[in-house]
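Biologist: Could you take me through one part of this model closely, the packing of its helices against each other? I'd be glad of the cut-offs behind each term as you go.

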Amino acid sequence: MEGSTGNQSEKVVAVVTGGNRGIGLEICKQLASNGITVVLTARDEKRGAEAVSDPSSASRLADFIEKFGKLDILVNNAAITGTTSNVGDLETFRQELAGMDDLMERIETINKHITEPYEEAEKCLKTNYHGIKAVTKALLPFLQSSSHGRIVNMSSYYGLLRFYSGDQLKEELNNVDSLSEQRLDELSELFLKDFKDGQLKARGWPAEGGFIAYKASKALANAYSRILAKEHPSLCINCVHPGYVETDMNFQVGHLTVEEGARGALMMAMAPKEGITGAFLNLTEVAPFV
Ligand SMILES: NC(=O)c1ccc[n+]([C@@H]2O[C@H](COP(=O)([O-])OP(=O)(O)OC[C@H]3O[C@@H](n4cnc5c(N)ncnc54)[C@H](OP(=O)(O)O)[C@@H]3O)[C@@H](O)[C@H]2O)c1
């Protein structure tokens, strides 16, 4: 996807993962309409759940970006919920949800129709945490070649540490000065082990209110984002919660349009040089990670 303005040598180049639908597609459209050259990535149906979490597809993406010589913006947007749903007729279910004015009522109704099997939890961590890392690592050298490299990690309110029931885990994930990427990988393994062994609550992981693996994966991705921002002060690396947006992820019943949901990510993607880094944005406002 390409915008219409700009000199070849000054072209701003962006990569958006999961750019084929939802908020990702909207981000691609708006970046392109601002004259930015957008490389939209979408997974190959035949390869199924691989894509962002598969190191070889991340390295193929890097080979593609090499021809631009640099990358200015990376939006890690692709994600899954780690759930399976049993809603009967989808359209009827959507209408039932759309008839509810109260957001909590909608969420509770969705929660009654979802299950969270171990295999989905595993895929969720693989996509939402390991996937972000694989793509970021492959593209980091190109972001460092930009005069103004920016990474926007699409996060979620569900990634906030308030959903952790145990203080020890919460503090560890919030203490970005002593956290390491290796420790985050260990925690990702530990989460899956505790999930399998029924020990989530005992250890202090998010354990209630549904979307358990999603909550854990987004919190790990937030912590990774903060570590990376510290390690690379020349880049701007931020997490953005888009709000509750009308996309397939929530049966198209969010209360924000994709245009509204994309606003914070676009603000960070197109922020001027030496802007904020290592932050969490709730829509367009800086907010705590807790
Ligand atoms: N919608 C909300 O209310 C909401 C709230 C908070 C946070 N978010 C976050 O916002 C971001 C965008 O969400 P959305 O609502 O636009 O979701 P969506 O409509 O479900 O779109 C998700 C996108 O991610 C892609 N994807 C998923 N797994 C992938 C994989 N393994 N490899 C490559 N691509 C993969 C999907 O590709 P396919 O088309 O191939 O499946 C799709 O393009 C996500 O990070 C989400 O967690 C959304």
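**Two helix pairs**

Modeller: The crossing of α5 and α9 is right-handed, a term used when the near helix is turned clockwise from the far one by less than a right angle, with anticlockwise being left-handed. This is a predicted model, where local features need pLDDT of at least 70, side-chain atom pairs count only at pLDDT 80 or more, and totals for chains, interfaces and linings use all residues. Residues are numbered from 1 along each chain as its sequence is written. Helices are DSSP runs (H or I, at least four residues), numbered from the N terminus.

The axes of α5 (residues 118-144) and α9 (residues 212-231) come within 8 Å and cross at roughly 15°; axes are lines fitted to C-alpha atoms over the stretch in contact, with angles from 0 to 180 degrees between N-to-C directions. That makes α5 roughly parallel to α9 (under 35 degrees; over 145 is roughly antiparallel, 65 to 115 roughly perpendicular, the rest oblique). Residues of α5, including Cys-124, Leu-125 and Ile-132, meet residues of α9, among them Ala-221, Tyr-224 and Leu-228; contact requires C-beta atoms, placed from the backbone, within 7 Å. By class, this contact of α5 with α9 has eleven nonpolar, three polar and three charged residues (nonpolar: Ala, Val, Leu, Ile, Met, Phe, Trp, Tyr, Cys and Pro; charged: Asp, Glu, Lys and Arg; polar: the others, Gly among them).

Now the other pair: α1 (residues 22-33) and α10 (residues 258-269) have axes that come within 9 Å and cross at roughly 55°, and are therefore oblique to each other.

Conventions: Two residues are in contact if their C-beta atoms, placed from the backbone, lie within 7 Å.
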